[in-house]
Structures are given as structure tokens and as C-alpha cells.
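This briefing is meant to be read with the sequence and the coordinates open side by side.

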Amino acid sequence: MSSMESLAQLEVLCEKLYNSRDSAERAHAESTLKCFSENSDYISQCQYILDNASTPYALMLASTSLVKQVSDRSLSLQLRLDIRNYVMNYLAARGPKLQNFVTISLIQLACRITKFGWFDDDRFREIFKEATDFLALASQDHYLIGLKILNFLVMEMNQANSAMPLTLHRKIATSFKDQFLLQIFQISLTSLHQLKSEVPDELRRVPISLALRCLSFDFVGSPVDESSEEFGTVQLPASWRPLLQDPSTVQIFFDYYKVNDTSVSKEALECLVRLASVRRSLFVEDPARSQFLSHLMSGTREILQTGQGLADHGNYHEFCRLLGRFKVNYQLSELLNVEFYGEWLGLVAEFTTKSLLSWQWASNSVYYLLSLWSRLVTSVPYLKGDTPSLLDETVPKITEGFITSRINSVQASFADNSPDPDNPLENAESLQDQLESLPYLCRFKYESCSLFIINIMEPLLQAYTARSRLPASGDAAELSVIEGQIAWMVHIIAAILKIRQTVGCSQDSQELFDAELAARVLQLINITDTGVHAQRYQEISKQRLDRAILIFVQNFRRSYVGDQAMHASKQLYARLSELLGLTDHLVLLNVIVGKIATNLKCYAECEDVIDHTLSLFQELASGYMTGKLLLKLESTKFIIANHSRENFPFLEEYRCVRSRTNFYYILGCLVFMEDGPVKFRSFMEPLLQVAVNLEASADAAFRTDVVKYAFTGLMRDLRGIAMATNSSRRTYGLLFDWLYPSRMPLLLRAISLLTDEPEVTTPLLKFMSEFVLNKAQRLTFDSSSPNGILLFREISKLIVAYGSRILLLPNGTNIYRSKYKGIWISLTVLSRALCGNYVNFGVFELYGDRALADALDISLKMTLSIPLSDILTFKKLSKAYYGYMEVLFNNHITINSVLNLDTSTFVHIVTSLESGLKGLDTGISTQCASAIDSLAAFYFNNITAGDNPPSPAALNLARHIGELPSLFPQILKSLFEIIIFEDAGNQWSLSRPILSLIMISEQMFSDLRAQILASQPLDQQQRLSQCFDKLMTDVTRSLEPKNRDRFTQNLTTFRHDFRAK
């Protein structure tokens, strides 16, 4: 407060901080006031503000500042107890008069202190008793504050905090759950009963919210994915059993659902959803479980009968979730045993049918209803006894209702034929949700369902065929609607064929029905690319239809294409032969590949359809059996022999430029399935012509768009082919011989002339990144072959040519695109070459070849040109940089290495490794740990424990450390802080450099130990000192593998004991 003249000035600043619309004014206020949350000396000033300030914003500042202070976990025990006692007394004395946001902030402060001090002193746990004391006071305001304290206490205990290790959080949450959670839930129920009469809505919201928080508690320490609405089974402890067996527990939530306040009714339903999800084993006896189920069904029956509250979308959605939980947690036989099952099922069926008719309003909620019905029908085969399930009558109507609703949705909403991200036909995830349960419903009564689908499909196909014969497309909107409706039907058939399950009829009869449905779509394939339709590839509805056909083909292929599927599906192929003349899967594959070729020819400007088509083509080509079958087809042979831009115009389209790599990867896979250099050379002929033309171009022509596009296309094509050579040395050798030495000068020329053109250099460097990658040992050359060394020399030329020029270019407006992207790909190329194990790098120094030295030199210059902040900001750059550093320190620390740099540069690089250790990316942290371990081990082996005269590299390292002796101690401190205070997932990797650093200097370790112990509470220091003693038990002064493993085990024990309270 000394920097301010009065409390009034502070209040003005607080007003600006929370209310000002001027960002500069807010930033100034924040900068001035941040001392209250960062400096513990200001804690007493926060108390002064709470005692004397008159504005709620000043009180809010004091409260939030204290929350940040106590989250730091560095305050003394007595100070935290004093803050806690002060806040609770403050709430009791002044709570009712405070603004709600100030009250909540103070409650959060009390709860945060409680959690962080839970195991430090039992007095922190008195918050529960003090909250109940609030409830006992006559004032309604105090009652509300007491409930809010319990509410935020449950939330705080259930929520992990970044300032607290996850293991400690779980211990505290478990202790709190065992000691207080049941009592708090009982208080919420008691409050709900007491406040059932006429009271303000706000008073009702707090206890229902408290009950929901209790039921949403993480009982078993496995937090759910918060992006999902599904949470599995609620694992209530056995001590909660009597409370759940009491009928009033469920009934009170149904009673509160009837309250007019929609926020209360929605939370009441959320509580019921969780109660319906309680683990089955909580009820020891079947009668108790049956009674609980009956009560839930009775309550939902009443809601279904009256429809009360379902006009609100939130209530409607939660009610659908509640119905969906019945079959998740209960067996069909248990539902059947409920007295009014038939009435309940009829009401749910009627509700589902109405929901399907209101598809626009209920589209996200119907998923839960369909999920319920699909689970019911899949349980029918396991049903024992003679009691009818009544599903035979209801399920077909629901299935027909869903299909009809999808058809009507096209007519109603999507006739404008424009892109709509909310349209399920445009959104694969939404489509998956809507169709996930449908196959089980359709196959339950498959004969009637397939007949219903055929009766819808036939008129649509006839209309679509008729439109293809007209001279013009006529009413475009009407045709778009027809295509949309057919697309939905194709998606539905595709979903059915994806799931092969026999319920209610034999395998043979199911195959016949599959054939009937599939025949309609296969017939459609012949229609879509004929007549008028062959001129409509630009239309959105036509693109949606073709995407639907591709999905159908993918699902159908998985079930019925291939030798085994062919022999096991005789009925299907017999029926397809009768209907369409498709006698076997080879004939069918020819139709499919014909459609793939047509899409690739005609959809030059639709990247989405091209990608879907290539995905299907890749799926076919990557299967061993289907790949062999493809090679027998004339349509496949045509694609392989005529892969030019004239036949496939999408290769010319810039928007589809990324698809080229995938296209040539697929073709490469097919070509490499058969031995033969002749076939490979024939396949590469069009690419050879492109390369020859580029080589003949003058330097000036390289800057023209035509030449640049031709070159980048060639690089993308070659990258796809290089990706396809991962099967063997033979296939890689074919590409290597084609490329080296004839084509390499072209690459060097392009990167030299067009360094400032990232759209050219990026595809080139990415191709080289793939070409030098030794996956599956494909780069294993003969013992007498110099190819590995020759390849690295070419890599060195490219990297030096690029690096020496890119460093001279000015930084553009988009520095990542213009410089950083090319640099990180270059580092990746070099890293892969350095650790590919196909080059003996000692040869270069032995024969005075500068290839390795120049490549390392320019790569280090490129890395040093980038500020560390930018390296840490851009994820791909960060991964490439640290991957390169790991290779450099592990494999090239003695020759032409980082040790030859000046001390300031060396320290900069090692400091960057320390920054990577502290990052959130486990992979980068592991790479940094490996690099530091190599450096420390080199120091230990060559300087600390070295017998022979030190090498020049060792002398350089000793000089660097001599000039900055704090470097290694600082890294060791950071490593220990990560091990002790963070939940690192790579503890094994981190243990390696810790041992190497300890071996360098025992004094360094002793100093760090004293420093860590001094930062801990006095009453813990003796125990923690013993932890350090045990850390070095049986560890010798060496870096042998057994010694390292022993230290790693000790470190695991040390971490566990150190963090134990």
C-alpha cells in the first residue's frame, strides 16, 4: 500500500480492472495490482482491504489475490490457518451483505486453503462442521452460504489443480470422499426436502446443484473425458446403499423436476441420470435393485404421460439421456419384470416416434433413444422365459420413422444445395452418431425393414435414371433433393452392411437381404456418371451422393470382397449375379475401380471427394489379397499406365496438390507388388519426361509459375513413390537407381535458384526427408556399395545450398512459412540421415571430405538464427530442433560438434535443452534428457574419470564448464524439481542424466540436496534427508547399465517417499 496514497485510489484501480472497456487502462491496473497476488508481504494488506474497503471490486481483488497466494503452497502452516480462520469468521459476520461474486470468491479461497492443507493439520478439516453451523443459523442468507461452502468444497476436492501433484490430489479426494461426501449428500437431500415448499428459486438451485456435484464425484480416480456426455457407471461406495434404497431419494428429484425453474428441473434430471447409472453391485439383493428400477421407470412414465417440462430443450435432452441409461445398466429381463413394462415401452416408443418427427429440434437427443432401442433388440437372443418383450411391434415402426425422417429432412432443409456444416451429410461425426444404432434395429426385423428401404429406394432410382436421360437437368433444386434423399438411403444401407449380425433370421437369408440392398447402390453407380449427371460434378448434392457411395463401397468391401469373404458369401454373389450379373468379387472390384477412376477423372476441383476416393483406393491397394486382385483388372492397369495430367485433371489443380502424394503412394504400392525393373521404368516414364523438360529449362524459366508447379508436382509424386518403397531393399533400390546420379543435379539447382520460394522448397525437402528415412531397413546397401556415403554427400549439398541462402534472406511477414518451416524440415532430413545407420561418418574426416562438417556447420547456424522463444512456440520446429540436438549429442559429440563452438553459443544450446526438459511435451523432454545424458556422460568418462590425455573435444567442454560452473548444477536442479514436484511420464528417461550429473561432482549433488531440504518445512526435513540417503544406496561411481538401472529403481522409491505426507 505504500505506493498508493489511499485506499480510495486502490478502489478506483479495482473498478478499472474489472469494469473498464479500455484495454490499455485495464492492463495498467492489472500491472499495478499484480503485486497483491505475487508477493506474500501483501497478504496483510489484503486483510486490510477486506476489513475497510467499501466497493465490491476491491474486496474481489483481495479475495482472488489470496486464492493465488495460497495456491503457491509456499506459505507457512500457521499463516494458512490464520487466513482460513479469518475468512470463515468474515463470511459469518459480513457474508450476507456481500455481493454474490465476492461471497463465492471468498468461499473458493476457504476451500482452496482446506484442500492444500488437508494432510498438514486436522484443523483444516473443520470446514465441514463450520459449514453445518451456518445451516443451523436462523438467517436464510447464512443457510445459503453454508450450502455454497459445501458445494464449492466438493467441487474443489474433485477438481485437479495444476499447482498440486495428481497423486496428492487423488489422496486428498479419496480421504474427503471417505470422511465427508456421504454426509454432504445427505445434507443436500435434507435441504431439498426442507425447501420443497414455496421458497425463492435461487434457494432451490443451490441444494440441487450440491446433490449433482456429489453424484458427479470421481469415486474411483478415473476422470472421464469432459468433451463427452458419456460417463459410464457411477461407482458409489457401499455405505451409500441405504440412502439409495430409500424411495424418497429418487422421488425428491422427480418432485424437483416439476419445478417451473428450468435450471432446477434440468439439474434434477442430471441427478436422475447418474442415479440410473449407479453400479449394479451396489444392490446386494435383486428385490432392492428391482424396486429401484421400478421407481425410476414409474417416474419416467409419469413424465412421458404428462409431457411436463419437455418443451424446454435442456430438459428434453437430459430426459433422452435418462431413458438411454435404462438398458446400459439393466438387463432386458429386469425391465420385463417391472409390472407396467408394456405401458412404459409403449410410451417410450411413442415419445421416440414424435422425436423423430421433430428431427430439427431433437437431432442431438435422438441418439440416446436409438441407442436404447438398439441395446434392447441385441438383448433379445439372451432373453429367457416366455414373457413377450413387445419389441416385435414397436421396433419396425421406430426404424421406419427414423428412415422417413431422414428423407423428409432433405426436402425440408437442404434443397438450397449449398454447403452446410450442420448437415449430417457434410459432417461425418454427426452422421456416425445418427447411424450408429440403426443397423441393429434394421436387422432385428430385417425382411420387413429391407423391403421398406427398397420401396423407398426404387422410386428414387427411377426418378434419378429418368433425369439422366433428359437433355438438361431441369429443375436443379428438385434434382438436388432427389440426390440428397438417395444419399441418405445409401448411407443407411452402408451402415446396415457394416454390421453383420444375425438376430431373428439365418445367415443365408441375411445375405440375400444384403444383396437386395447392395444391388440398388451398385445399380446407382452406373447411373451417377451417365447423361445429365455426368455434367453435375460441381453440384454439392452430387458430391454428397458420391461420398455416400464411397462409404458404402468401403463397408461392403470389408464384409464381402476377398477370397475368404467370397467363399463364405455364396448366397450374396448368387443373388447379385441374378440382379446385376456380378458373378464374383473380381467383377465387383472392376466396378469399384471403375468408379474410383471416374471420380479421379471428373472431380478435378473437389478435394473432399478426391480424398475420399483415394482413401478407398488405398484401402484396396494396401490389402495383400485385394492388392493382388487389383493388378488383374484392366481398369487398374489403365490407371498405372496412364497416370498423366491429361487423364487425371486433379493432378493439375492446386487445391488438390496434396492428394498427388497419396495418389502416387497408392500406385507405387501396386507397382512394387510385382517384381520387375522393366515395369517400374515404364511406370516412371511420364515422370522422367517431366524431369527431362525441367532439366532443359533455363535458370530464368525456373521462376515462372509453369516450371515451379511442374517441379513441385514432381517432388510430391516422388515422395509418394518413396513412401511406397518401405517394403524392401529391392523397391528402394529401384527408386534410388532412377534418381541417383541423373536427377540429383536438378534438385540442387532448384533449391539453389528458388530458396526464397517456400512453395517449391517445402515439397523438395519433404521428399528428401522421406527418401533418407531408413524405415524397415530399406537403405541397407551391399557391403561393397558406396551408395550410403554418396547419398549423404548429396544430402549435404542440398542442406548447405539451402541453409547458406536462407540465412541471408530477410524475415518476411510470415516468418514460419518463409524460413522456419524449411529449416525444421532440413533438420529432420539431416537427423534422419545421421541416425539412419547406413553411413560410416568416420570416412569423411579420414579422407578430408567436408560433406559432414559443412552439413553440421550450416545446420547449427540455422538453429542459432532462431530465437529460443520461437523454437518453443512452433511445435513442429520444436520437435525437429530437439530431435536434431539429440542425434548431435548422442552420435557426433566428438567430431565437428557443438563442443567446438564458443562458450556463449554452447551455453545457449545447453540452456535450450533445459527449457525443453521443462516443457509439456514428453517426447521432447525425453530427447533433451538423452542429449544432456550424453553430454554429462562424456564429461564424466573423459574428464572426471578419464585416464588418458583429454581429447580436443574434452578440453573444449572443460573450458566451457570452467567459464560457467553453474551450468550443470542448474540442470540437475531442474531435473530434481521435475521428478519431485511434477507427474512426469518419462521418469526412466529423466533418471539417466541425473545419475550422469551426480557422477560428475558429488559436491554439486550435496549442495543441491541441502538447497532442496532447506526449502521444505522443518518438521519434514529429517524424513526427506533419509530419502536422499536411500537414493544412492548400492550405487557405485560408474555409468554401467546395471548401475544405471539400480539408480533408476532407487529414484522411483525416492520420488514416492519424498512426496508422501
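With the side chain of which residue does the side chain of R557 make a polar contact? The partner is E619, whose side chain makes this polar contact with the side chain of R557 at 3.1 Å. The model is a predicted one, and the points below should be read with that in mind.

**Surroundings of R557**
- R557 is found in helix 27, which covers residues 540-560.
- Because its relative accessible area is 13%, which lies under the 20% cut-off, R557 counts as buried.
- When neighbours within four places in sequence are left aside, the residues in contact with R557 are E619, L620 and T626.

**Packing of helix 6 and helix 7**
- The axes of helix 6 (residues 77-94) and helix 7 (residues 100-116) come within 10 Å and cross at roughly 145 degrees, and the crossing is left-handed.
- Helix 6 contributes R80, I83, R84, V87, M88, Y90 and L91 to the contact, while helix 7 contributes T103, L106, I107, L109, A110, I113 and F116.
- Sorted by class, the residues of this contact comprise 11 nonpolar, one polar and two charged.

**Confidence of the prediction**
- The protein has an average pLDDT of 88, and 95% of the residues score at least 70.
- Among the elements of the protein, the highest mean pLDDT, 96, belongs to helix 39 (residues 758-771), whereas the lowest, 60, belongs to helix 28 (residues 563-568).
- The pLDDT is below 50 over residues 224-229, a stretch that has four contacts in the model beyond near neighbours in sequence.

Key
Residues numbered from 1 in each chain as written. Predicted model: local features only at pLDDT ≥ 70, side-chain atom pairs only at ≥ 80, totals over all residues. Heavy atoms only, no water. Axes fitted to C-alpha atoms, helices over the stretch in contact; angles between N-to-C directions. Helix = DSSP H or I, 4+ residues; strand = E, 2+ residues; numbered from the N terminus. Left-handed = near helix turned anticlockwise from the far one by under 90°. Contact = heavy atoms within 4.5 Å. Nonpolar A, V, L, I, M, F, W, Y, C, P; charged D, E, K, R; others polar. pLDDT = per-residue confidence, 0-100. Buried < 20%, exposed > 50% of the residue type's maximum accessible area, 1.4 Å probe, protein only. Polar contact = N/O pair within 3.5 Å; in protein donor to acceptor, adjacent residues only side chain to side chain.
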